[in-house]
Amino acid sequence: MKEKMKVSIGMLVFLLVDQLTKFWAAAVLKDGGPISLIPGVLEFRYVENRGAAFGILQNRQWIFLLLGAAVLILLAVFVPKLPKEKHFLWLKLVLFFIAAGAIGNMIDRVWHGYVVDFIYFRLIDFPVFNVADIYVTCAAVAMVLLVMFYYSDEDFEKIFPKKVK
């Protein structure tokens, strides 16, 4: 199977997981209240997030749509330029997860005018989040680790070749 087909199917699967979990949260939790998974630690709780992380920029959906679109455009331009070597697979996967998370939350913003969040760590009173947020957050941490410990200066020169004058 060609790489583009694999990426397309993978993206669809991850978007479906995100959207189906949000659909479940709206159907079960919106009127039914929270569900405790680990009492005092972890629960599912329905929240309509009209802002960004930690409640900032409430009701500014156009900002998030523009940022999401900019990220997707950058990825569409950047990813095809990555070397085809297996060594860069991890970087491609990280970027794939960032795109999946961005698209998942953009779908909510366009369709509902807010993002459905439902995973809550009560123990540390962490802001409620969703599967798309997990994709982006884990990918960002992985990106930092890859840049710090896996990829070398030579790898970055392959990605961003210096122009000869």
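**Reading a predicted model**

Tutor: Let us begin with one residue. K22 lies in helix α1, which covers residues 3-32. Please keep in mind throughout that this is a predicted model.

Student: Is K22 buried or exposed?

Tutor: The general idea is to compare the relative accessible area with a cut-off: a residue under 20% counts as buried. K22 has a relative accessible area of 3%, so this lysine counts as buried.

Student: Which residues is K22 in contact with, beyond its neighbours within four places in sequence?

Tutor: K22 is in contact with G104, N105, D108, V115, V116, F118, N130 and A132. Of the elements involved, α3 comprises residues 89-111, β3 comprises 115-121, and α4 comprises 131-150.

Student: Which numbers describe the chain as a whole?

Tutor: The C-alpha trace spans about 60 × 35 × 30 Å along its principal axes. The chain has 165 residues, of which 33% count as buried. As for charge, the mean positions of the 18 positive and 14 negative charges are 8 Å apart.

Student: How many of the contacts join residues at least 24 apart in sequence, as a percentage?

Tutor: Among contacts between residues at least 6 apart in sequence, the share is 66%.

Student: How does one read a sheet?

Tutor: Strands of a sheet pair through backbone hydrogen bonds, in either a parallel or an antiparallel manner. In this chain, three strands form an open sheet in the order β1-β2-β3, with antiparallel pairing. The edge strands are β1 (35-38) and β3 (115-121), each of which pairs on one side only. On average, neighbouring strands of this sheet are turned by 35° against each other, direction ignored.

Student: How many bridges join β1 to β2, and how many are there between β2 and β3?

Tutor: Three bridges join β1 to β2, the latter being residues 42-49. Between β2 and β3 there are six bridges. As examples of individual positions, S36 has E43 in β2 as its bridge partner, and N49 stands opposite V115 in β3. You will recall V115 as one of the contacts of K22.

Student: What lies between β1 and β2?

Tutor: These two strands form a hairpin with three residues between them. In the turn, G40 has a positive phi of about 75°.

Student: Which residue other than glycine has a positive phi?

Tutor: D125 is a case, with phi near 50°. This residue is placed in the loop between β3 and α4. The cut-off for exposed is over 50%; D125 therefore counts as exposed, at 55% relative accessibility.

Student: Where is G51 placed, and is G51 buried or exposed?

Tutor: G51 is in the loop between β2 and α2, the latter being residues 61-78. Its relative accessible area is 0%, so G51 is buried.

Student: Which residues is F88 in contact with, apart from neighbours within four places in sequence?

Tutor: The contacts of F88 are P83, Y151, D155, K158 and I159.

Terms used: Residues numbered from 1 in each chain as written. Predicted model: local features only at pLDDT ≥ 70, side-chain atom pairs only at ≥ 80, totals over all residues. Heavy atoms only, no water. Helix = DSSP H or I, 4+ residues; strand = E, 2+ residues; numbered from the N terminus. Buried < 20%, exposed > 50% of the residue type's maximum accessible area, 1.4 Å probe, protein only. Contact = heavy atoms within 4.5 Å. Lys, Arg positive; Asp, Glu negative; His and termini not counted. Charge placed at Lys NZ, Arg CZ, Asp CG, Glu CD. Pairing = 2+ DSSP bridges. Axes fitted to C-alpha atoms, helices over the stretch in contact; angles between N-to-C directions.
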